[in-house]
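Subject: Structure handover

Hi,

Here is the structure you asked for. My notes follow below it.

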Amino acid sequence: MSQINHLNKAFESRVRLGIMSILMVNDWMDYKDIKEELDLTDGNLASHINGLEKLEYICVRKRFVGKKTNTSYQITPLGKQEFKQHINALEKLINKI
Amino acid sequence: MTDKNPLEDLREIRRLMENSSKFLSLSGLSGIFAGLAALGGAWLAQKQIVHYENLGYFYYIQDRMDDWSYELSIRLLGIALLVLVVAVSFGVLFTWLKAKQQGKKLWTNLSIRLVISLSVPLFFGGLFLAGLFYHGAYMLIPGATLLMYGMALLNASKYVHQDIKILALAEMALGIYSIFDLTFGMYGLIIGFGIFHILYGTFMYFKYDRK
């Protein structure tokens, strides 16, 4: 049962799992690219991103590219660590079955 | 959700990591047509070489052997550039078609990074080849070309399917062989740019494109 405890409640939603997966392998990913990759609506994605940001698993960067605003996200060391732990827990769970 | 199906979660994580960090719309057909273009180029080059070998005697009695090798090499260079343009055009065309079929865009941050990681080593490799050409070291050009190309592929391999590393290694090994066995040069180019591309393209086509 101990593995279950390592499963992170923050990653229960598929959307959050998706955001973290993408940010694990991409340094500074644009908001619109994440949206496209996950095939989501703005409202849906924004709430999950805010959730992850509050937990300090990801951090945001807003800047201007030319005249347009550009919002991109990066995973934090904490987020990376938590996500790895979550994956390990998932794997152990599978091996048990 | 997560507790119910961890296997499904892991699959999704894996898929997203791969899809978001690699440009997967590169078509196997691009490789096949690049190979065919190279073989066509080799055929044209062979005709030019035979033509100039027949003319060799006239250049020789006029004491113009330097002109002879210079003119021939300019023609071969022209053919090589033609092959490059044709191969790249087909490459972009088939990749565009595949991206469209997958409902993906051709120009993304990812594909731009892919093009940059390919073109930087190719650009400097090309200048190096120009240096060899400038000094008349024609016999070193085939091997060096294959080596530079292999290195450029290796540099770009992190943005596409991992299988391309095998092609990169094969090109580099062939390049090194061609540097030591100078009589092999032309065959090296035919194998490296023609045969290898066709084999690789066919393999990729059946592994990823046809589903």
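How many bridges join E1(A) to strand E3 of chain A? Two, and E1(A) and E3(A), residues 68–75, run antiparallel. Strands here are DSSP runs of E, at least two residues; helices are runs of H or I, at least four; both are numbered from the N terminus. Strands pair if DSSP finds at least two bridges between them.

Conventions first. This is a predicted model: local features need pLDDT of at least 70, side-chain atom pairs count only at pLDDT 80 or more, and totals for chains, interfaces and linings use all residues. Residues are numbered from 1 along each chain as its sequence is written, chains are lettered from A and ligands numbered from 1 in the order written, and side-chain values use heavy atoms, with hydrogens and water left out.

Chain A: three strands form an open antiparallel sheet, ordered E1-E3-E2. The edge strands are E1 (29–30) and E2 (58–65) of chain A. A:Met29 has A:Tyr73 in E3(A) as its bridge partner.

Chain B has seven helices and zero strands. Its C-alpha atoms fill a box of roughly 85 × 25 × 25 Å along the principal axes. Of its 211 residues, 41% are buried (under 20% relative accessible area, 1.4 Å probe, protein chains only).

H5(B), residues 141–156, packs with H7(B), residues 185–209, at about 30 degrees, axes 8 Å apart. Axes are lines fitted to C-alpha atoms over the stretch in contact (heavy atoms within 4.5 Å), and angles run from 0 to 180 degrees between N-to-C directions. So H5(B) is roughly parallel to H7(B) (under 35 degrees). B:Tyr149 is among the H5(B) residues that meet H7(B).

Best wishes

Methods: Angles under 35 degrees count as roughly parallel, over 145 as roughly antiparallel, 65 to 115 as roughly perpendicular and the rest as oblique. Buried means under 20% relative accessible area, exposed over 50%, partly exposed in between (1.4 Å probe, protein chains only).
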